[in-house]
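My entries follow in the order in which I checked things.

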Amino acid sequence: MLRTALTFAAIAGVAMVAIANAQQKPKAAPDDGKRIDASAVAMTVRLTETNGNVTKVIANPTIHAIEGRPFAFSAGGEVEGTTPLLEFGTRLEGSVAKTNTKVFAVALKLTHGQLVDSGDPKTKTVRAQTVDLRTELAPSVARTIKIDDKTSVEITIQDLKK
C-alpha cells in the first residue's frame with residue numbers, strides 16, 4: 001500500500017532561493033573514484049494552479065537524481081534593490097531511496113513564491129508557500145497530490161538503472 005503524508009505552510013513576505021529565469025541542471029556527483037551502486041532516477045514534478053476551468057502549469061522540471069543523495073532545482077528571480085534580498089519562483093529539494101525492488105520513497109520540499117501587489121510602490125512583497133511531501137512511488141505511476149483548493153503537484157518517477 002502506498003502512503004502519502006503532506007504538511008503545508010503559507011508564508012507571506014518570505015522568498016526562496018532561485019535562479020533568474022533558468023532551469024538549474026543537476027550537479028554531478030563528486031568523482032571520488034568509488035563506484036556508485038545506487039539507482040539513478042528521473043523524477044518529473046508538475047506543479048499546477050487551477051482557476052475555474054483554466055489550469056496553469058507553474059513548474060514542470062524533470063530532475064535526475066541518485067538514490068540516497070540530495071537533489072535541488074531552482075527557477076525564478078529576485079527583486080532588485082531589496083535588503084534582505086527577495087527571491088521568487090519555484091524551488092525543489094529532496095531525496096529518493098529505494099524501499100524494495102519496485103518502490104521508491106520520495107522526500108520532497110517544494111517552495112513556490114510570487115510577487116504580490118502591496119498597494120505601495122515602495123514596498124515589495126513576495127508570498128511563498130512551502131510544502132513537505134513524503135510518499136512512496138512505483139516507477140512510471142503518476143501520483144497527484146492536492147496542496148490546496150487551487151494547487152496540485154503530480155510526481156512521476158522512472159528508474160534509470162535496470
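I began by noting that a contact means heavy atoms within 4.5 Å. With that in hand, I looked up the contacts in the protein with a separation of 6 or more, and found that residues 24 or more positions apart account for 59% of them.

Before going on, I wrote down that this is a predicted model, in which local features need pLDDT of at least 70 and side-chain atom pairs count only at pLDDT 80 or more, while totals for chains, interfaces and linings use all residues. I also noted that residues are numbered from 1 along each chain as its sequence is written, and that side-chain values use heavy atoms, with hydrogens and water left out.

**Confidence.** I looked up pLDDT, the predictor's confidence in each residue, from 0 to 100, and found a mean of 78 for the protein, with 75% of its residues reaching 70 or more. Strand β1 (residues 4–12) has the lowest mean among the elements, 33, whereas β9 has the highest, 94. Over residues 1–29 the pLDDT stays under 50, and for this stretch the model has 87 contacts beyond four places in sequence.

**Elements.** I counted zero helices and ten strands, where helices (H or I, at least four residues) and strands (E, at least two) are DSSP runs numbered from the N terminus.

A nonpolar core is a set of buried Ala, Val, Leu, Ile, Met, Phe, Trp, Tyr and Cys residues joined through side-chain atoms within 4.5 Å. The largest one has 23 residues, of which Met 43, Val 96, Leu 108, Val 153 and Ile 157 touch the most other members. Among the elements that give two or more residues to this core are β2 (40–51), β6 (86–98) and β10 (151–159).

**The loop.** Ala 138 is found in the loop between β8 and β9, and counts as partly exposed because its relative accessibility is 21%. Ser 140 is found in the loop between β8 and β9 (143–146) as well, and has a positive phi of about 70° although it is not a glycine.

Conventions
Buried < 20%, exposed > 50% of the residue type's maximum accessible area, 1.4 Å probe, protein only.
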